[in-house]
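Here are a few exercises to work through with the model open beside you. Try each task before reading its solution.

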Amino acid sequence: MAYRDTRNVLAFGDNGEECQRKLYNSRVLTVGSDLLSQMILGGLAGLSVGHIAFIDNARIDRNDRDFLCSHGDTIIGQKKVRHVEDTLKRINQVIQENIVGIHSKFAEAFVFEYKPEVVIDATNDPISKEKALRYSIRYCVPFISASSDGARSAVAVYVPRNQAKPRVFSENPNLEALLMQEFSGSKQGSFSSGIAAGLVCEELRKIKFKYAADGRDDSLKNNFRLVYNMYSDTRTGMIPESASMPVYFKNKKALVAGAGGIGNFVALNLALLGFGVIDVLDLDTIEDHNLNRQILLFEREGGKKAEVIAERVKAIDPFAKSNAYAKKVGEVVTKDRPWLEELYRIDRQLWKKEGEKRDKKFLDFEGFVNFFYGVSDAEKARGVTLLQKSDFSSSKYDVIFGCFDNKYARIWLNNFAVENRIPYVDGGTGPREGQVSTYIPGATKCVSCQKDLMNWARRPFSCANAEGSVVMSNIVIGSAMVGEALRVLYSIGVPNNDSFVYNAMSNERIGMVRGRNIASLHC
Amino acid sequence: MVQNGLSGNFLQNFHFSQEPFAIIGGRFYTLSRSNGINGHYSFSLLGKAYALDESEEVSQLEKNFVLSRRTDIERMMSQYIQKNLVDKIQAEKSEVARLQNYYESAQDASIERFIVADVFNAYYHEDKTSDCTERTTADLSLKVNNQPSIKELLTADNSLNPLTQGSGFMAIAGRCYLLEECGIKNEREGYVAFGKRAFRLQQWLQLEELCKLYGAKLAERIEKKAAEHGQRFAPILHELSRQKKELLEQNKRANSDTASLGEIAFSKIGRNEYEISVALPPYIIEKKGKYYRFEAVRIGTAITAENGLVRIKGPPKILSGQYTHPFVTGDSVCYGEINWASDPGVSFNRSYRLSERKKTAKRIAEVIRRGKLTLEFGYLGKNVLAWHPIEDCNCEIASSRADAERYARSQGISLERICKNN
């Protein structure tokens with residue numbers, strides 16, 4: 001088992017190793033090389049799907065922003081599949097010998113050569129999908145269809161029950177839904193593709209293995225289609241259509257706080273949209289086991305996450321400005337004292353409840369504050385510095401993305417956003433779920449109030465207690481955060497305290513839940 | 001042939017899927033089922049045009065095929081090398097070992113083998129104790145990258161090109177048609193438009209047949225690469241073959257009553273009695289600024305071998321009859337003041353053990369060598385009067401070095417054989 005996949009194994013549960021082995025032995029073919037396909041392929045490489053083939057005859061276009069064709073010497077007019085192949089091989093060197101790109105439109109003969117166990121068509125081309133579906137029926141291979149436009153995306157699955165002749169297709173009108181005619185001719189978007197890509201990877205996982213045998217983790221039904229729609233209040237359904245999707249983002253400034261699993265995809269989507277400023281804040285260095293989901297960090301183990309993300313953002317969009325802040329969050333001042341005392345009181349109760357013995361320094365208030373909002377001697381020795389609120393005073397961000405994995409940094413960032421009246425989009429994930437909460441100054445409660453961050457159970461801090469994390473929930477939530485941010489920036493829909501949620505074990509997969517509205521010290 | 005294990009290439013897949021395609025300029029084009037042209041290339045028939053969608057180059061598809069069948073192809077290449085080279089090398093090695101064993105097993109018991117192996121060796125390798133049939137130091141262990149790599153196949157070449165000889169073709173419904181450039185676009189018979197150029201379809205092969213030909217060509221290419229890879233074994237094979245030849249000759253010499261190796265030879269002249277001799281080609285002696293030519297001569301000495309003991313019967317004599325030389329009278333050679341017992345340490349009255357092969361062989365070889373040197377170089381710097389003055393030999397040929405060299409060249413005598421006597 002490759003070390004890079006240890007977080008997958010943890011996330012997959014008790015039979016994690018066996019599940020990961022199933023993925024190593026999988027053969028998947030993807031049709032298309034546009035954004036949606038690239039996002040899916042990035043996810044498959046992150047998951048360490050053992051054999052990945054993809055087919056498309058597109059060439060690099062000067063007007064395209066690409067995720068996988070941006071790292072290396074890209075020349076306009078070159079075959080996209082070659083660049084995608086090269087980058088995928090860099091993202092996952094464990095499976096690199098089994099990654100093959102075929103420059104062609106869908107042709108059964110080329111596809112058959114790779115004997116895929118699952119075929120994914122990620123184009124917006126109904127003819128291509130029809131060919132892929134015919135292949136699926138002819139060879140009894142599960143078929144996942146996905147399409148996207150600027151703000152919407154859809155995913156459908158067809159699992160043939162037994163081998164049948166292609167003519168069955170014309171006799172089964174339900175299969176028409178898999179062709180996704182609505183997306184025909186549309187240009188694929190970034191975050192909408194990201195959400196679909198995460199859902200597709202999850203469906204693939206469900207085809208290969210399930211978390212529960214009681215039906216909760218089943219694949220989508222053959223005649224059911226998952227739809228994400230940024231314009232919809234429920235974020236699902238094809239209506240309303242995204243006719244007025246904004247296209248110019250160069251004047252927008254964003255801070256991506258946290259460059260882990262979620263931060264990777266937030267930064268990626270912002271770069272693909274063309275945001276003018278994408279600053280990245282993270283103290284961490286890149287480790288092997290990050291690479292299963294943090295797919296922008298390939299080949300840079302040991303480097304600072306924030307710096308590498310900033311570099312990769314500029315590779316995707318050379319016109320974007322991106323500053324890296326490899327600092328610890330964050331400075332506290334006298335006026336922070338009330339919420340800090342409250343947080344200290346709640347945490348002490350939580351620790352006592354868990355029956356854990358803590359280090360003495362946690363037992364007094366000053367020690368608590370210094371541990372979470374200061375720099376220890378050991379950290380000083382490693383060159384760690386504390387982020388000052390003044391570091392951001394001149395930035396005037398239009399939106400802040402909170403992608404941290406601990407509540408202390410989250411609370412700090414939430415308070416920073418509240419103090420400066422900046423929209424704040426917060427994302428959190430588990431191996432099978434995730435959620436996005438949004439703070440709109442003057443319109444909603446802050447995220448701390450919506451999520452009751454103060455009372456969140458403490459997250460483990462040591463690697464021995466590390467939690468599993470997979471690419472699917474991160475790509476869905478990272479992409480959804482960008483979608484939620486656009487709703488705020490362009491005043492789409494009615495502001496409320498609802499949160500976007502993703503649950504791989506529910507039938508709906510994605511949707512909105514009502515946020516809490518607790519009274520707190522923050523807003 | 002290796003193609004048996006290489007089924008399922010992209011051409012065969014098209015044969016099974018019945019999808020129409022074209023290959024033009026080394027690139028695949030798939031035919032869109034939808035009516036219409038969306039690129040520069042199309043196929044038109046009976047008023048309908050079908051787009052030819054650009055696909056991979058054939059060379060890339062072949063590369064992908066090779067990569068996907070990596071294990072099979074490498075095994076095939078290994079098998080080819082094993083069958084055609086490694087097995088051959090192993091057989092040669094066994095044969096060399098057998099000949100060597102045969103030679104060594106009989107060595108102790110045979111005086112002929114003693115002369116051929118030890119005396120001849122001591123004569124040619126004056127200061128060495130090693131065997132003149134010493135095996136090469138070359139690495140014969142076959143560990144020199146026995147495993148061929150498919151990387152050698154991942155080039156821009158492809159195996160389809162030689163079959164089409166560079167022409168494009170199109171496959172529809174299991175039939176292949178060569179594309180022949182034409183000026184007229186014949187709607188009824190169909191044509192391929194490739195940019196501004198038009199090609200008519202000329203019936204060629206069944207696709208199935210082409211698949212077989214392609215498979216064979218591909219196999220041929222793999223075998224060729226395997227053979228190229230196998231070239232690194234050629235020095236081993238060559239060396240083994242040299243050793244085998246040498247051992248065969250050595251065994252042949254050792255099993256006969258007479259044998260020679262270069263200028264040294266032996267012959268059995270009686271029961272347990274052998275004559276060991278060297279043949280001296282013509283040579284020129286320089287003495288006091290004058291040059292004298294002497295004819296070829298054979299000198300040698302006899303040895304007896306009995307009960308594991310060898311005795312050298314005397315110093316070398318002339319064996320080739322009447323010979324004119326200042327040091328020669330009859331068949332005897334005058335050795336001046338040589339003290340054989342002290343230098344080179346040979347006593348003609350005692351016997352030497354055959355079991356001390358190297359030492360005994362060295363003594364015999366040294367005796368022969370002294371005879372040769374005495375004829376060619378005199379008494380090796382010692383100023384002793386010869387039996388006959390050299391001037392009386394009537395064989396002066398020059399009175400200068402230049403003339404002597406010119407003479408030597410004209411007579412085919414090596415310049416190294418102009419021996420200076422003092």
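Two residues are in contact if their C-beta atoms, placed from the backbone, lie within 7 Å. Please keep in mind that this is a predicted model.

**Exercise 1.** Find which residues of H3(A) meet which residues of H4(A), and sort the contact by class.

*Solution.* Start with the two elements: helix H3 covers residues 35-47 of chain A, and helix H4 covers residues 80-91 of chain A.

**Exercise 2.** Describe how the axes of H3(A) and H4(A) are arranged.

*Solution.* Two packed helices are described by the angle between their axes and the distance between the axes. Here the axes come within 9 Å and cross at roughly 30 degrees. Angles under 35 degrees count as roughly parallel, so H3(A) and H4(A) are roughly parallel to each other.

**Exercise 3.** Work out which elements of chain A give two or more residues to the side that touches chain B.

*Solution.* First count the contact: chain A and chain B each bring 13 residues. On the side of chain A, the elements giving two or more residues are strand S3 (99-102) and helix H5 (108-113). H5(A) gives the most, with five residues. Lastly, the residues on this side of chain A divide into seven nonpolar, three polar and three charged.

How values were computed. Residues numbered from 1 in each chain as written. Chains lettered and ligands numbered in written order. Predicted model: local features only at pLDDT ≥ 70, side-chain atom pairs only at ≥ 80, totals over all residues. Axes fitted to C-alpha atoms, helices over the stretch in contact; angles between N-to-C directions. Helix = DSSP H or I, 4+ residues; strand = E, 2+ residues; numbered from the N terminus. Parallel < 35°, antiparallel > 145°, perpendicular 65-115°, else oblique. Nonpolar A, V, L, I, M, F, W, Y, C, P; charged D, E, K, R; others polar.
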